Amino acid sequence: EGRAAGVRLKGGRLLRAKRAVVSNADLHNTFRMVPEGAHAGFDEERDALLAPAAPVYSDDDGPADGAGLPLCKSFMHLHLGVRADAMPPDLPPQWTVVNSWDVPIDAPGNVIVVSVPSILDPSLAPEGHHVIHAYTAGNEPYHIWERFEGVDTNKDAAYLALKEERAAPMWEAIRRRVPRVEEGVVVRQIGTPLTHARFLRRHRGNYGLALAAGGGFEFPKVTTPLPGLFRCGDSTTAG
């Protein structure tokens, strides 16, 4: 009937929509859920928005005349559970480290954000412990990780070694204020761009569209050319 009427799950089950289908997936994955040729207007929008983008970062290699929407880079994440006795009593709940102002702000590992939310909400960690979350602020390039797509990353020695290597700036940012952090670690997990791509369904592990205020692009609207299909989240206006 020319409109979105439901969603077919990976296992084959069909969920019918009474009023509309709303996609919280990123822009690329939303377009992937509608086969090409299903709706001409949707195909036209797909071709326009997903066309190669002009460079927006210092290490981009896109075409200078690219007309598609540019994407943010990905992230590295470090999640820790730490004994409280290894942490200073005057620790702030969040801090940011800029390693150098002499390189581009988006240089890999240059800007690190560290949060200790259990300082504000002790219920987030067992008594006598804290949780720490550190991440590289949208500056991790995906191409470094592409060779591990489809690999059993839990057992791949090269992947595990690269995780440790790329996590090093986050450890250093934490040690700036928690010098004894390693002594108190009881839980540690490292997330990579492949983690984003797999668990959050992010195309190339991206963290949204890289659209500058006042630039030549606008965020896509929540409506789409395909009747009954709507978008929400960080790939849309006011997402």
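Modeller: Let's start with a term: a residue is buried under 20% relative accessible area, exposed over 50% and partly exposed in between (1.4 Å probe, protein chains only). This is a predicted model, where local features need pLDDT of at least 70 and side-chain atom pairs pLDDT 80 or more, while totals for chains, interfaces and linings use all residues. Residues are numbered from 1 along each chain as its sequence is written, and side-chain values use heavy atoms, leaving out hydrogens and water.

Biologist: Is Tyr159 buried or exposed?

Modeller: Tyr159 is buried, with a relative accessible area of 4%. Phe148 is buried too, also at 4%.

Biologist: How do I read a pair of aromatic rings?

Modeller: Look at the distance of the centres and the angle of the planes. Rings of Phe, Tyr and Trp (its six-membered ring) pair if their centres lie within 6.5 Å; planes under 30 degrees apart are stacked, over 60 edge-to-face, and the rest tilted.

Biologist: How many aromatic pairs does a search of the whole structure find?

Modeller: The search finds 6. In one of them, the centres of Phe75 and Tyr135 are 5.4 Å apart with planes at 25°, so this pair is stacked. Phe75 lies in the loop between helix H2 (40-49) and strand S4 (77-83), and Tyr135 in strand S7 (residues 129-136), so the pair ties together parts 60 residues apart in sequence. Helices (H or I, at least four residues) and strands (E, at least two) are DSSP runs, numbered from the N terminus.

Biologist: Which residues do ring pairs link into a cluster?

Modeller: Phe75, Tyr135 and Tyr207.
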